[in-house]
Amino acid sequence: MAVEQPTRAPGTPPGDQTRIHNIGYRNYDGPRLGRSYATRSLYSQSLRGSYGLGRSVKSKVLPMLLFVVMCVPAAIMVAVAVATKAKDLPVDYTRYAILMQAVISLYVASQAPQSVSRDLRFKTVPLYFSRPIETADYVRAKYAALASALFVLTAAPLLVLYVGALLAKLDFADQTEGFAQGLVSVALLSLLFAGIGLVIASVTPRRGFGIAAVIAVMTISYGAVSTLQAIAENQDNAGAIPWIGLFSPVTLIDGVQSAFLGATSASPGAAGPSDAQGVVYVLVVLGLIAAAYGLLLRRYRKVGL
């Protein structure tokens, strides 16, 4: 069977058939928005992605569902307070996030890997650094985005409680003070949980592994600390309860707010830390936040090479 060979013009040497065609591309001559704009864009896109905005409907289901789950109990409490003409809300502002810590942990477990694991899996991190954006900018944008998303998740039900308390004509000064204390508490919680979640998620490019690891760390640490605190209470060793609380993110936040924000401790026997122990709690929380940021910087400096 004969095979047709490609023909070429007479006198054209073999291999000399390359042509460059001008198809009208022009160099970009507009303004260069620079590093700060790129960082803000990465922050806004990551924040939107934390609630599935700009993504598929499937990506919106879980974060929006968890947001609703966080707000519905607050709305029910408000309705009960208004209907019964109660003189106070059923739950303090500082107590609400501790009660809903399982929902918050699930949100962190689902969204921390979504924020960083895909960049690692598809090896797109070096592409970010090929633009005028540095490792610190990337880490700050991702950290701030997840912390902001967590703050929205945890502050929204507090706002529902506050508005409902005012509608129920509860004392304005007391409710405003409690609301402000609750916002400080959830701001610390958002920074701490976001840092822990991102550090764990940045270790693996597999989103499923990241979700499982975050859930395990949050759940096992809280369960272990709560069990040890209960044992200490049964053995009449109340002095050890505050120190045991240093080993779980949830109990750390609970200790800070019970020491300095007037909250009632959720630990067994309501044995919250003293003022001196509260200072230790604050230092541990701030240290963990700084350590998380430092570990993320080291991790992405290696990835970006």
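Two residues are in contact when heavy atoms of the two lie within 4.5 Å of each other. In this predicted model, 76% of the contacts between residues at least 6 apart in sequence join residues at least 24 apart. The protein chain contains 11 helices and zero strands, and its pattern along the sequence is α-α-α-α-α-α-α-α-α-α-α. Of the 305 residues in the chain, 42% are buried.

Two packed helices can be described by the angle between their axes and the distance between the axes. For helix H8 (residues 207–234) and helix H10 (residues 249–260), the axes come within 7 Å and cross at roughly 60 degrees. The two helices, H8 and H10, are therefore oblique to each other. On the H8 side, the contact is formed by Met218, Ser221, Tyr222, Val225 and Gln229, and on the H10 side by Pro249, Val250 and Thr251. By class, five of the residues in this contact of H8 with H10 are nonpolar, three are polar and none is charged.

One of the H10 residues in this contact, Thr251, was examined individually. Threonine 251 belongs to helix H10 and has a relative accessibility of 8%, so it counts as buried, the cut-off being under 20%. When neighbours within four places in sequence are set aside, threonine 251 is in contact with Tyr222, Val225, Gln229, Gly245 and Tyr281. Of these partners, Tyr222, Val225 and Gln229 belong to the H8 side of the contact between H8 and H10.

Two cavities of 30 Å³ or more are found in a search of the whole structure. The largest cavity has a volume of about 60 Å³. Its lining comprises 13 residues, and those nearest the centre are Gln229, Thr251, Asp254, Ser267 and Tyr281. At least two lining residues come from each of helix H9 (241–244) and H10, with H10 giving the most, three residues. The lining of the largest cavity consists of five nonpolar, seven polar and one charged residue.

The second largest cavity has a volume of about 30 Å³ and is lined by Val116, Tyr138, Val139, Lys142, Leu198, Leu296 and Tyr300. Helix H6 (135–167) and helix H11 (275–303) are the elements that contribute two or more residues to this lining. The largest share, three residues, is supplied by H6. Six residues of the lining of the second largest cavity are nonpolar, none is polar and one is charged.

The largest pocket has a volume of about 260 Å³. Among its 16 lining residues, Asp88, Asp92, Tyr93, Asp174 and Gly178 are the closest to the centre. The elements giving two or more residues to the lining are helix H3 (93–99) and helix H7 (172–201), and H7 gives the most, with five residues. The lining of the largest pocket divides into five nonpolar, five polar and six charged residues.

The second largest pocket has a volume of about 200 Å³. It is lined by 15 residues, with Gln45, Ser46, Gln114, Arg118 and Lys142 nearest its centre. Helix H1 (34–49) and helix H4 (101–121) are the elements that supply two or more residues to this lining. By class, the lining of the second largest pocket has four nonpolar, six polar and five charged residues. Lys142 is named among the residues nearest the centre of this pocket and also lines the second largest cavity.

How values were computed: Residues numbered from 1 in each chain as written. Predicted model: local features only at pLDDT ≥ 70, side-chain atom pairs only at ≥ 80, totals over all residues. Heavy atoms only, no water. Axes fitted to C-alpha atoms, helices over the stretch in contact; angles between N-to-C directions. Helix = DSSP H or I, 4+ residues; strand = E, 2+ residues; numbered from the N terminus. Parallel < 35°, antiparallel > 145°, perpendicular 65-115°, else oblique. Nonpolar A, V, L, I, M, F, W, Y, C, P; charged D, E, K, R; others polar. 1 Å grid on protein atoms, 1.4 Å probe; cavity = no way out; pocket = protein on both sides within 12 Å on 5 of 7 lines; lining within 4 Å. Points joined across faces, edges and corners; volume = space filled by probe spheres on them. Buried < 20%, exposed > 50% of the residue type's maximum accessible area, 1.4 Å probe, protein only.
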